[in-house]
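Here's a quick tour for anyone meeting this structure for the first time. Have a look at it, then read on.

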There are 2 protein chains.
Amino acid sequence: MSEVAAAGTVADVGDGPKPVRIGLLGRGNVGAAFAELLDARAEAVLAATGRKPELVGVLTRSEGDFAEILEGSDLIVELMGGTDPAREYVAAAMRAGRPVVTANKQLLAQHGDELFGIARESGVQLRFEAAVAAVIPVVRTIQEGFATADIERVYGIVNGTTNFILSEMAASGAGYDDVLARAQELGYAEADPTDDVSGADAAAKMAILARLAFHTPVTLSEVSYEGIESITPDDLAFAKELGLSLKLLGVAERRGEAISVRVFPCFLYSAHPLAPIEGAFNAVMIQGPAFNEVTLSGPGAGGLQTASAVLGDVVSILAGEAPVHETRTDLPILADVPSSFYLHLEVADRPGVLATIATVLGDNQVSVKSVVQRGIGDDARLVMVLHECLESRFARAVEALNELGELRGPARSIHVIEERS
Amino acid sequence: MSEVAAAGTVADVGDGPKPVRIGLLGRGNVGAAFAELLDARAEAVLAATGRKPELVGVLTRSEGDFAEILEGSDLIVELMGGTDPAREYVAAAMRAGRPVVTANKQLLAQHGDELFGIARESGVQLRFEAAVAAVIPVVRTIQEGFATADIERVYGIVNGTTNFILSEMAASGAGYDDVLARAQELGYAEADPTDDVSGADAAAKMAILARLAFHTPVTLSEVSYEGIESITPDDLAFAKELGLSLKLLGVAERRGEAISVRVFPCFLYSAHPLAPIEGAFNAVMIQGPAFNEVTLSGPGAGGLQTASAVLGDVVSILAGEAPVHETRTDLPILADVPSSFYLHLEVADRPGVLATIATVLGDNQVSVKSVVQRGIGDDARLVMVLHECLESRFARAVEALNELGELRGPARSIHVIEERS
C-alpha cells in the first residue's frame with residue numbers, strides 16, 4: 001500500500017503537512033481543467049485531508065515520461081482516454097502501489113475485471129466517479145451508499161449529446177440531421193458523432209453501472225444497444241400527443257437470477273422521474289424495494305464538471321475513511337438578504353390605485369417585474385412579481401402598503417425563484 | 001479507536017469472519033425496520049465488508065440497559081429520536097470508542113458542534129445520512145464527493161409532509177385545512193403537524209446541510225423559517241397561471257464571507273430542477289461554479305427508506321476506506337426480456353386493415369393497450385402502445401406485419417416505459 005492510501009486524515013506537524021504528489025496522465029479538455037481546479041482548490045484539499053496536493057508531472061502525447069512520473073508520484077490521475085496505453089499505465093501504477101483515479105469509461109467497461117483485480121491484489125483504490133455522468137455522484141451512491149441495497153433496476157440518461165438532440169427535436173420539430181448539425185456547431189456533438197448517437201457511449205457507462213449495482217462482471221461487449229439515428233420528428237410529435245417523452249435510455253435490471261443491460265430509445269410517461277431531464281443533462285434513477293427510487297441528475301459532461309468529479313475521488317482517497325465532519329471556518333449568518341417576491345394585493349377597483357401602489361413600491365426602491373390585474377366586483381386583484389431587493393426593504397414596502405387605505409386586506413407575499421441562476 | 005473502525009475490508013480466515021456486534025437504541029418505526037433490514041441483508045453486508053452484523057441489544061423505553069448494550073457492542077445505531085437521552089448516549093458511545101450511526105436530525109442540528117467534536121477527539125465515525133432526506137444520498141454527496149467543491153448554494157425540498165400538502169392543494173384546488181386532514185388520514189402528516197407545517201423540521205435539516213456545505217458551525221436556532229399554514233388555494237391558482245410551482249424550500253447559500261440559511265414557501269419557475277418534485281418526495285439541489293448543479297431526489301421519509309440509509313452508513317463504517325469493487329456473483333445476461341412497445345404503421349386506408357393487423361398481433365400473442373388511427377389521403381397511420389411481451393415475440397410480430405401487403409413502409413417501433421413500476 002502506498003503512503004497515500006495509508007495517510008489518513010491527520011496532518012503531520014513540525015515541518016508542516018506532507019504534500020501528496022500527483023501524476024497526471026493526459027492534458028486534453030478534462031486534464032487541463034483538472035490541473036487548474038487542483039491548483040485552485042489546493043487549500044481546500046489540505047483542509048479536508050491534511051495533505052496539500054502537488055502536480056508533479058504531466059504526461060501528454062509529446063511530453064513526459066510515464067516511468068519517471070510514476071516514480072515521483074503518490075497517486076496517479078488518468079485522463080488520457082482510450083484503452084491503449086491507458087490500460088497498461090493504470091495497471092502499472094496500481095502494481096506500484098499507487099491509487100488511481102480515472103474518468104475513462106472505455107477502460108473500465110472493457111477491462112474492468114482485469115483492473116479491479118489488480119486494484120484488489122495491490123491493495124490500492126481505483127476510483128472512477130467521472131467515468132459515468134461526470135460530477136453526478138452515481139458511482140459513489142451505487143458502490144458505497146447502496147453497497148448492500150437490493151438494487152432491482154438502474155435507468156440512466158447517460159449521454160448528453162443524444163439527450164440534447166432529442167430535446168431539440170422535440171422542442172423544434174426539426175429533423176435528426178438538422179439538429180445534429182446544430183449540436184455539432186454548439187459543441188454538444190463531435191465531428192464524428194457515431195460513438196454517441198449509436199448508443200455505444202451509453203452502453204459503456206451502463207456496463208459500469210450494472211457491474212456495480214449487481215456485483216457481477218459485465219463488459220461492454222455484453223451490452224446491446226440501439227441509437228437515435230433513425231428517430232423522426234413524427235415519433236416525437238406522437239410522443240407529445242400521447243404525453244410521453246422520448247429519451248435514449250440505459251436500462252440495467254435484475255430478472256430473477258440473471259440481468260439485462262441495454263440501451264435504446266424509449267418513450268417515458270410524463271411523471272417518470274427521468275422525463276423532465278432536458279438538454280445535455282444526464283440523470284440516473286436507481287430502484288429497489290428498500291428505497292423505492294432515488295434519482296440523481298446534473299451536467300453529465302464538460303471539462304470542469306468532469307474534473308470536479310476527479311477531484312472528489314482524489315480527496316476521498318486522501319481522506320481515507322469517511323472524514324469526520326470538522327468546521328473549517330465560522331461564517332456569520334445573514335438575517336437580511338436580497339430576494340424576489342410575488343405580491344398579492346386586493347384593492348378597490350378605482351382609478352389611481354395602481355399608481356399609488358407603484359409609488360409606494362418605488363419610494364422603497366422595490367421595482368416591479370411583471371403585474372397581472374384582474375377585477376372581481378368592486379375589487380381588483382393585483383398580482384406582481386418583483387425584482388430582487390433586500391428583504392428588509394421589501395418588508396418596509398409591504399408595511400407602507402398595508403397602511404394605505406386602498407387595500408381590502410393585508411398584502412400577501414411569497415418568495416419567488418424565477419429564473420435559472 | 002474501536003475494533004470496528006480499524007477492521008478494514010478483509011475478512012478474517014480460520015474461525016470464519018468476525019461478526020460485528022450492533023447495539024440499537026430505539027425500536028419505533030425506523031428502528032424496527034432497521035432490525036428487519038439488517039437481518040435480511042446480513043449476507044450482503046458480509047460480502048461487502050467481510051463482517052457479519054449481529055444485533056446484540058435493543059434499547060426501548062421499557063426494555064434494555066444502555067450501559068450493558070454499549071459494553072457488548074462494536075457499533076451503536078441511534079434511532080430513538082429526540083435530544084434527550086439520545087445526546088448523552090451518542091456522546092457516551094463515541095467516548096467509549098464506538099462509531100455511531102444516527103438518523104436524528106434534531107440531535108445534530110442542535111448539538112452538532114459538541115457531537116462532531118467528541119467524534120474527532122475519540123477518533124470514531126459519526127454517520128447520519130438518514131437525518132436528512134432519508135435514503136437520498138445528500139449527506140454523503142456534500143460531505144464526501146463535494147468535500148472540496150466550492151458550493152455556493154443548497155436548495156432543498158426536505159419535508160415530505162409539506163410537499164405532499166402543497167402538491168395536493170395545487171392538484172385539487174382544495175384548502176389547506178382539508179388537505180392537511182387528508183394527509184393525516186393517509187399517514188403523511190402527524191396528529192400534531194406543527195413541526196412539519198411550520199417549517200421547523202425542514203430548518204433542522206437545512207442547518208445540517210449548511211454546516212456540511214460551508215464547513216461552518218450552524219445550529220437550528222440560527223435558521224429562520226416560515227411554514228405553509230397560511231398558503232391559500234388562490235396562491236396556487238396564481239402560481240399555475242404564472243407557470244410557477246409552489247414549494248416549501250430550504251435555502252442555504254454563501255453570500256460573500258457570510259451565509260444565509262432559511263426555509264420559506266417559494267414559487268419556482270417551471271424549468272427549475274425542483275419544480276417537478278411532487279407528493280411526499282424530497283429533493284436537494286447543490287450549486288457551485290465547478291459543477292453547475294446536481295440534483296438528488298427520492299422518498300424523503302418512511303421507515304424502510306430511512307433504515308436503508310442507516311444500513312448504508314453502517315456498511316461504510318465497516319468497509320473502512322472506500323471499497324475496491326469486487327464481484328460477488330456471475331449473473332448471466334439475458335438477451336430476450338419482456339418490454340412494452342410503441343408501434344407506428346402506415347397502412348392503406350381501407351376496410352379490414354385494422355382487423356388484419358390485429359390478427360397478426362394476436363397470432364403472435366402481442367396485445368394492444370391503446371391505439372390511435374389517423375387518415376392521411378389514401379393512407380392511414382396506426383399508432384399503438386402494446387402490452388409488455390417478450391421482445392423476441394414482438395420482433396416476430398413486426399416481421400409478420402412487414403410481410404403483409406398492407407403496409408406502406410416498414411413498421412417503426414420504439415420502447416415504452418409507460419407507468420411507474
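Domain bounds here come from an automatic or database domain assignment. On that basis, chain A splits into domain 1 (1-132 + 302-330), domain 2 (138-299) and domain 3 (338-416). This is a predicted model, where local features need pLDDT of at least 70, side-chain atom pairs count only at pLDDT 80 or more, and totals for chains, interfaces and linings use all residues. Residues are numbered from 1 along each chain as its sequence is written, while chains are lettered from A and ligands numbered from 1 in the order in which they are written.

**Domains of chain A**
- Taken over C-alpha atoms, the centres of domain 1 and domain 3 of chain A sit 55 Å apart.

**Where the chains meet**
- Counting two residues as in contact if their C-beta atoms, placed from the backbone, lie within 7 Å, 92 residues of chain A touch 93 residues of chain B.
- The top contributor on the chain A side is strand 9 (residues 258-269), with 10 residues; strands (E, at least two residues) are DSSP runs, numbered from the N terminus.
- That side of chain A is made up of 51 nonpolar, 23 polar and 18 charged residues. Nonpolar means Ala, Val, Leu, Ile, Met, Phe, Trp, Tyr, Cys and Pro, charged means Asp, Glu, Lys and Arg, and the others, Gly among them, are polar.
- Strand 9 of chain A also pairs with strand 16 (residues 412-417) of chain B, in the parallel sense over three bridges; two strands pair if DSSP finds at least two bridges between them.
- A:Phe267 lies opposite B:Val416 in strand 16 of chain B.

**Around strand 8 of chain A**
- Strand 8 (residues 244-255) of chain A has 10 of its 12 residues buried, so it is largely enclosed by the rest of the structure. Buried means 20 or more other C-beta atoms, placed from the backbone, within 10 Å of the residue's own.
- Strand 8 of chain A runs antiparallel to strand 9 of chain A, joined by 12 bridges, with A:Ser245 opposite A:Leu268.
- The hairpin of these strands has two residues between them, and A:Gly256 takes a positive phi near 65° there.
- Strand 6 (residues 153-157) of chain A is antiparallel to strand 8 of chain A too, through four bridges; A:Arg153 has A:Glu253 as its bridge partner.

**A sheet in chain B**
- Five strands of chain B make an open sheet with parallel pairing, in the order 2-1-3-4-5.
- Its edge strands, strand 2 (52-59) and strand 5 (126-127), each pair on one side only.
- Strand 1 (residues 19-25) and strand 3 (residues 75-78) of chain B share four bridges, and B:Gly23 partners B:Ile76.
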